Amino acid sequence: MSWGTELWDQFDNLEKHTQWGIDILEKYIKFVKERTEIEISYAKQLRNLSKKYQPKRNSKEEEEYKYTSCKAFLSTLNEMNDYAGQHEVISENMTSQITVELTRYVQELKQERKSHFHDGRKAQQHIETCWKQLESSKRRFERDCKEADRAQQYFEKMDADINVTKADVEKARQQAQLRHQMAEDSKADYSTTLQKFNHEQHEHYYTQIPSIFQKIQDMEERRIVRIGESMKTYAEVDRQVIPIIGKCLDGIAKAAESIDQKIDSQLVIEAYKSGFEPPGDIEFEDYTQPMKRTISETSLSNSRGDSKTELKFGSKSKGKLWPFIKKNKGAGPEDFSNLPPEQRRKKLQQKVDELNKEIQKEMDQRDAITKMKDVYIKNPQMGDPGSLDHKLTEVGQNIEKLRLEVQKFEAWLTEVEGRLPVRGEQPRRQSGMYEAQNTPSVNNCAQDRESSPDGSYTEEQSQENELKMMATDFDDEFDDEEPLPTIGTCKALYTFEGQNEGTISIAEGEILYVIEEDKGDGWTRIRRNEDEEGYVPTSYVEVCLDKNAKGAMTYI
């Protein structure tokens, strides 16, 4: 099965077919190139997706990743990043092993094809030239034969005519002989040319063309083999990354299996546990005994307005601090006293650990400087030992400062751990507040710890603070703040006895100034005079805001 013998007369079709083969190869190269671009784009999109959902550093979102479900999600994001990397590997390998190699091969193939068909055209031109020479020799032989016949006929006619002179007859005879000789010469030339052409034609169709066509056939078969090998490489490149992709998927599955709802539930407890005990039973208030008392907000004998206060008191206002707590401007207190006991203990422990790490770092630095100083003492040419004294002193001072900080935070930590309630003790809640002489004996009520609408708590710093009146604390807290301008007035609809920190007592029908309207938590901040201001239940007053009010105010 050879193109040289089977397709000896199909030169033009073979030229078209081989060009078609090169076009197919270039089309496959284009296909692989577009596949690599898709892989790169897909990998880039996967990486951007993984990056988009990664937790931001030093943010609240990063703290959420302590939960097992969030850790599993983070592992999934990391595995997807590795997954994207494998698609980049596919693109790189296909580019280097297929696209680049085939592009170079196509250029070589085009040159080889051009050379073979150039030889084929050259052979065709040669045989066509030989054919033209044969035709020319044949036509000359034919013409000379005809001329010889005409000359012979003319001689015979002249010889038969009695009126023609002997000289004319001889001339005609000589002309006939000349033409006959020319015909013989043309015949011999034609015979020689014919033999030469037959030889050339045999060489052309049985030697040259088969050889050229065989080279073209070999070239085409190599092209077919090469494209087959490239397709196999295409599959192998994909197959090589399958195990790694499988490991990525196994990692995602393993991360999913590591999710533990019980651990997450325990983490929620650790994150939000306040350390307080639930409130105890409310003591019975015996009204048959003559005693001075103040009306409590939680008393069952409160008016209809008090009931509204209870509803407002327990409502939750997202993002607003409990109105009885002084609003912190900036960071919280250094001892974390604004946090519940359990959370405060965790923060203090964390701070102690951080300080200990800093101390260890400074000590390591001190040891390194000391060793360097010893080297300088032994080898003065390397440096001046005295130049390190200042640095050693500075590091020693830093260590001493950090140790003092540790002692301070450890003292607070010991205080918190000593004050955490023991489980099982039921604190008692009072629905009323007695006057100052009765306060020390019944002061372990729920006022020592108030739960704010957003879940934060307040804890008194010492027993001395616990014995102070709430109104006095409120006044002290606002001494360092600039007075807020009035934004309107309000009329008290009911009498309200403000017993908790930050509140103010009002009498029914009293007119007061509004300095901060209700933020959604059910409390309005009002002012009576220069020294008296605080919060009252919004449902206890009728507010009339003045949009044109300025900072100046007139006291009642």
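The model is predicted, so local features need pLDDT of at least 70 and side-chain atom pairs count only at pLDDT 80 or more, while totals for chains, interfaces and linings use all residues. Residues are numbered from 1 along each chain as its sequence is written, and side-chain values use heavy atoms, with hydrogens and water left out.

Start with the whole chain. The protein chain has 11 helices and 5 strands. Helices (H or I, at least four residues) and strands (E, at least two) are DSSP runs, numbered from the N terminus. Of its 556 residues, 35% count as buried. Buried means under 20% relative accessible area, exposed means over 50%, and partly exposed lies in between (1.4 Å probe, protein chains only). Contact means heavy atoms within 4.5 Å. Among contacts in the protein chain with a separation of 6 or more, 75% are between residues 24 or more positions apart.

Now the helices. Two packed helices are described by the angle between their axes and the distance between the axes. Here, axes are lines fitted to C-alpha atoms, for helices over the stretch in contact, and angles run from 0 to 180 degrees between N-to-C directions. Angles under 35 degrees count as roughly parallel, over 145 as roughly antiparallel, 65 to 115 as roughly perpendicular and the rest as oblique.

Take helix 2 and helix 4. Their axes come within 8 Å and cross at roughly 165 degrees. Helix 2 and helix 4 are therefore roughly antiparallel to each other. Their crossing is left-handed, which means that the near helix is turned anticlockwise from the far one by less than a right angle; clockwise would be right-handed. The contact of helix 2 with helix 4 has 23 nonpolar, 14 polar and 10 charged residues. In this count, Ala, Val, Leu, Ile, Met, Phe, Trp, Tyr, Cys and Pro are nonpolar, Asp, Glu, Lys and Arg are charged, and the others, Gly among them, are polar.

Helix 2 also meets helix 5. Their axes come within 11 Å and cross at roughly 15 degrees. Helix 2 and helix 5 are therefore roughly parallel to each other. Helix 2 passes helix 5 in a left-handed crossing. The contact of helix 2 with helix 5 divides into 15 nonpolar, 4 polar and 4 charged residues.

Next, the interior. In soluble globular proteins, nonpolar side chains tend to be buried together. A nonpolar core is a set of buried Ala, Val, Leu, Ile, Met, Phe, Trp, Tyr and Cys residues joined through side-chain atoms within 4.5 Å. The largest such core has 32 residues, and Leu25, Tyr28, Met94, Ile98, Phe213 and Ile216 have the most contacts inside it. Helix 2 (11-52), helix 4 (68-160) and helix 5 (166-257) each supply at least two residues of this core. A second, separate core has 16 residues, including Tyr376, Leu392, Val406 and Trp412.

Not counting residues up to four places away in sequence, Ile216 touches Trp3, Thr18, His116 and Phe117.

Trp3 lies in helix 1 (residues 3-6). Trp3 counts as buried because its relative accessibility is 17%. Beyond its neighbours within four places in sequence, Trp3 is in contact with Trp8, Leu14, His17, Phe213, Ile216, Gln217 and Glu220. Trp3 and Gln217 are 214 residues apart along the chain, yet their C-alpha atoms are separated by 6.5 Å.

Leu14 is one of those partners. Leu14 sits in helix 2. Leu14 is buried, because its relative accessible area is 5%. With neighbours within four places in sequence left aside, Leu14 is in contact with Trp3, Leu7, Phe117 and Phe213. Leu14 and Trp3 are 11 residues apart in sequence and 9.0 Å apart in space, C-alpha to C-alpha.

In helix 5, turn to His204. His204 counts as buried at 3% relative accessibility. Residues up to four places away in sequence aside, His204 touches Ala123, Gln124, Ile127, Ile209 and Pro210.

Lys30 is found in helix 2. Lys30 is exposed, because its relative accessible area is 55%. Lys30 and Thr99 are 69 residues apart in sequence and 8.1 Å apart in space, C-alpha to C-alpha. Arg239 lies in helix 5. Arg239 is partly exposed, with a relative accessible area of 46%.
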